[in-house]
Amino acid sequence: MSNQKQTNKGVAEGIKETAGAAFHTLHSALETTENVAMNAVDTAKNVATNLTNNRKGQRNQD
C-alpha cells in the first residue's frame, strides 16, 4: 500500500472514531436529559398527590 493510501486510511479511521465518540457523547447526554425529565415528572406527580391527600385530610377534619 502506498503512503498516500495508508495516510488516507488513517485519516478515515480517525474521522470514524471521532464520529463514534461524538455519537456516544450525544447519546449519553440525551439519556441524562431523559432521566432528569422523568425525575421532574415523578416529583411533580408526588407533589400533586401530597397536596391532594393533604386537602382530603383537611376536609375530613372539618
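Let me begin with charge: the protein carries 7 positive and 6 negative side chains, and the centres of these two sets lie 4 Å apart. For that count Lys and Arg are taken as positive and Asp and Glu as negative, while His and the chain ends are not counted, and each charge is placed at NZ of Lys, CZ of Arg, CG of Asp or CD of Glu.

Before I go on, please keep in mind that this is a predicted model, in which local features need pLDDT of at least 70 and side-chain atom pairs count only at pLDDT 80 or more, whereas totals for chains, interfaces and linings use all residues. Residues are numbered from 1 along each chain as its sequence is written, and side-chain values use heavy atoms, with hydrogens and water left out.

Now to the overall form.

What share of the 62 residues counts as buried? The share is 0%, with buried meaning under 20% relative accessible area, exposed over 50%, and partly exposed in between (1.4 Å probe, protein chains only). The accessible surface comes to about 5700 Å², of which 56% belongs to carbon and sulfur atoms; these areas come from the Shrake-Rupley method with a 1.4 Å probe, and for residues only the protein chains shown count as cover.

Gly 10 lies in helix 1, which covers residues 3-61, and is partly exposed because its relative accessible area is 44%; its C-alpha atom is separated by 22 Å from that of Thr 25, 15 residues apart along the chain. Ala 12 also lies in helix 1 and is partly exposed, at 43%, and from Ala 12 to Glu 31, 19 residues apart in sequence, the C-alpha to C-alpha distance is 28 Å. Lys 16, again in helix 1, is exposed because its relative accessible area is 59%, and the C-alpha atoms of Lys 16 and Thr 43, 27 residues apart along the chain, are separated by 40 Å.

Technical notes. Helix = DSSP H or I, 4+ residues; strand = E, 2+ residues; numbered from the N terminus.
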